[in-house]
Each structure stands twice: as structure tokens, then as C-alpha cells.
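Reader: Could you walk me through this one? I would like to start with the strands and then turn to the charged pairs.

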Amino acid sequence: MSDPKLEPGAEANEAEETLLDASKLEEQWHGYAELFERQLREGDLEELRRTAAALSPGDLSESLRYLGVDDTARVLQLLPPDLAADVLAEIDQYSVSALLQLLDIEAIADLIEEMPSDEAADFVGELEDDQAREILAAMEPAERQEVAELLRYEPDTAGGLMAKEFIAVPQDATIMQAVDAVRAVEADDREGLHFVFVVDADGCPAGRIPLVTMLLQPWSTPVDTIMERDPLRVSVDLDQEDVALYVQTHDLVTLPVVDAAGRLVGVIQADDVIDVLEEEATEDYALLAGTSEELGETSPVRVARARLPWLLGALAGEMATMQIMKHHQATITTTVALTFFLPAIMAMGGNTGIQTSSVVVRGLATGEVSIYRIGRYLMRELGTALLTGTLISACVMVAARLLLGDMEVAVVLTVAMMTVILSAAMIGTTMPLLLYRAGADPAIATGPFITMSNDFIAVMIYLGMASLLIR
């Protein structure tokens, strides 16, 4: 591949950030990784530092994913502290522990101090307890206090998402005092500030002022005369999925977070919500596949440990299905042709259940499906299953009649196929909704669970009808 510095639109100098071609990002990230490896081998460290520093933190983080841990640590040591902190926050957690063995604790603490408080807390919270304690002890008291306070909250709540970087002024302040408060904020902490919050005597949010609005007012104007009153807020213990839905519903850029007493203790930015949506989608896809593994996991032992419980559960269900078949052994022996269509019966039930449950799970995640309208969705899915089941059953009946010439088997297949599809649609709709109502993740209703339960029910219905209808 050509030198990534020569890619169109990728020219850089010390004062200007390198802009990559959006149509071939992965190719360019890999190209920069190869360039960094070559520069490390040749000892061209100053050129490497210049090239890396010209990349955005996101592009540099993606490029470093192709490097080994040793090379990543060497690159981080060459970067300016603020850029190194941004990159360190993006590195997958499975490389962090190895990096900590290569980088000095004091150096890591200095980098974490450069991070926004929420990212710093997330980083420290992912470490082993001993490592976290060592790093916290090496941090400056003010930054350590902020991180320690955020670590008190569960990571999947509003408290775990919020940052401590916000500006609050009392209700009796003037615009001039609010501007002075903005000026007093360190340059690194100003990024992402969109509002100045106004709090009452108890520290509870009473309003907010957009920065643009504030700058257009006379300096002597009292803030409580121009503020947007009673801003939307959430409690520190609200689940992150509910936080994301709240931000989406109200199109918020910044969301205040309050404690049990209603005092303003932090803010959540829209980019944090994007991370939540990605995290929840990844988790749901893992559950859909019947595993709880992390995508970046590299250890086969950990991956196997995450998948094995689901596979053993599915095996137990299939053993129950085998017992149903054993119970109807006489029917199967008498009419061997029944076994020809058994895979089709099981497959149609499983596919219908997966399709239905996947739609419901996604609808619950996006807010399009509500537990309070369960009857509406159930009727829609049953109606859909009735239409698809009728067509599929008709095809099965024609096929059985032509291939076997046995009308009794054809009737059993037709009735069983229709019943199995309807029952699979009902299970696929109701199970995620019931799990959601019970406070469990509805995604666990899909994957192996739905497949296993539908296999069991399909065999029970099919062979049960065969025992009753075939002489």
C-alpha cells in the first residue's frame, strides 16, 4: 500500500490536522499502522511523533489497533499528553492491562488527568482493583476526588455516564459573572460546553442559558431574567437505556443529572449517549446469538466460557425434544414418512420465532414497541403468521401429496405446520415483552432460547397430531 501521507486529502503539517478520505478509512488506518511500524524500526521517532500528532484522536486510535501492545506503548510515549489521553481512552480494555505493564504508573495517572472526568472514571473502572488503587493514589487530589465520586455510581446508570465538567452560577448572578465563570474553566474542559446552568440556593437546577444567548446580553443583565427555566433532568440512578431514550425523545445535546436531593451533580453529553446505543446494540446482538462475550475478546478460553452455558442450555432443550420423539416412537415406526418433513416443521417454527422476537426486541430498544400495547403487536404478528402459515402449509401439502401420495400424512403436515407457525409467532412476540416487563433484557428471549423452545413445541405438536390423525 502507498504511504498514507500521500493519500488525497491527507496532507498534514504541524499546525493542521490531517484529514482522511472518508471513502477508504480502514485502508488508510492500516496504512498509518504500517508507517508507524516502519518508523519505529528505523528509529525515525520525531517524524512518527509529527505524523501521529497530526491525526485526529479517533483516527490515531483506530490506526494503533493494528499495532502490538509494545509498539502502541512506544507511540503513546511520543505523543503530547492531551492527545495521548484521548487515544488511551479509546484503546480496547483487553490491551490496557498489558499497556499498564509497559507504562509508568505516574505517566498513566498524568494521562488520565488529561481525560474528561467521565472517560477517566470509565477507564479506571475497567481496571483491576490493585491497578485502579495505584493509579488513583498517583493522581492529583482534585482529579482523584472527581473520579472517585463518579466510581461510586453503577457504570450503566446516569451517574456512571455523567461528567463533572459543567458551569453553574447562582440565580442572583449577572451575565458578567456567568462569562467570568466560563473564562475560569480550563481550556481542556471547555470542549462540549453548550450551556451555563443556573442553580438555586440548594444547588438544584433552576434554568439554563445557551452560551450564544448569554454573549448577546448586556453584562449587567441578571441571569434569571433570560434563562430557560426548569431544564429537563434525570436522576443519577436512572438506567442508561432510559437515559438514551430520554435524550433521543427530547433531542438534547446536554442533559443535567441530579442526586437524590435534586442537586445538580453532573451532565451527560450527546456523544456519551451514542456510546450507550452502540454498547446496548452490541450486547443485544451478543444475546441474540446466544453468548455474552465481548467483541474484542481474544482469549479462546474466555470466549468458550461465555458461549458454553447457552450451548449447554440448548442441548438440554434438544434432549427434551428427543424424549418427545421417543414417546412417539411407535407412530414414527408405523409411518416413517413423518420423519421426512420433521426438519421443515422445526425450521419453520424456529425461523418464525426468531423473526418475530427480533422485531419486538428492536422495537423495545428504539421505543417503537410499548409493553402497554402488547395486544396490538400480538394481533399483528398472529395475523402475519396466519397469512404466511397458510401459504407455507399449502405448499407443504402439495409437496407431501406429490412426493408421498399419502393424504393422511399430507393433512397432518398441513395442520401441524399452521399450528407450529402460529405458536412460534405467539411465543416470539410475548416472551420478549414479558421479560421486558419483568425487568430482564428481552434479547435473551431470542437465539438459542427461542430456537430450543420452538423445536420442542414443533415436535410435540407434529407428532401429537400424527398420533391422533393417522390410523
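This is a predicted model: local features need pLDDT of at least 70, side-chain atom pairs count only at pLDDT 80 or more; totals for chains, interfaces and linings use all residues.

**Strands and salt bridges**

Author: In strand β3, Arg-208 is the bridge partner of Phe-197. Residues are numbered from 1 along each chain as its sequence is written, and side-chain values use heavy atoms, with hydrogens and water left out.

Reader: Which strands make up the open sheet, and in what order?

Author: The open sheet has four strands in the order β1-β2-β3-β4, with mixed pairing; strands here are DSSP runs of E of at least two residues, helices are runs of H or I of at least four, and both are numbered from the N terminus. Two strands count as paired if DSSP finds at least two bridges between them. The edge strands are β1 and β4 (228-229), each of which pairs on one side only.

Reader: And β2, is that mostly covered or open?

Author: Strand β2, residues 195-199, is mostly covered, with five of its five residues buried, where buried means under 20% relative accessible area, exposed means over 50%, and partly exposed lies in between (1.4 Å probe, protein chains only).

Reader: Which way do the β2 side chains point?

Author: Phe-195, Phe-197 and Val-199 point one way from β2, whereas Val-196 and Val-198 point the other way, and all are buried. In a regular strand the side chains alternate between the two faces of the sheet.

Reader: How does β2 pair with β1?

Author: Strands β1 (residues 168-170) and β2 run parallel and are joined by three bridges, with Val-169 standing opposite Val-198 in β2. Between them the chain crosses from β1 through helix α12 (residues 175-184) to β2, and this β-α-β crossover is right-handed, meaning that, with the strands pointing away from the viewer, the path from the first strand over the helix to the second runs clockwise.

Reader: What about β2 and β3, parallel or antiparallel?

Author: Strands β2 and β3 (residues 205-210) pair in the antiparallel sense over five bridges, and Val-199 stands opposite Pro-205 in β3. The two strands form a hairpin with five residues between them, and Gly-203 in the turn has a positive phi of about 85 degrees.

Reader: Switching to charges, how many salt bridges are there?

Author: The structure holds nine salt bridges, each being a side-chain nitrogen of Lys or Arg within 4 Å of a carboxyl oxygen of Asp or Glu.

Reader: What does Lys-164 pair with?

Author: Lys-164 forms a salt bridge with Glu-149 (2.9 Å, N to O). Lys-164 lies in the loop between α11 (158-161) and β1 and Glu-149 in helix α10 (residues 141-151), so the pair ties together parts that are 15 residues apart in sequence. Lys-164 is buried, with a relative accessible area of 16%, and Glu-149 counts as partly exposed at 21%.

Reader: And how far apart are the closest N and O atoms of Arg-50 and Glu-47?

Author: The closest N and O atoms of Arg-50 and Glu-47 are 3.0 Å apart, in a salt bridge. Because the two residues are three residues apart in helix α2 (residues 45-54), about one helical turn separates them.
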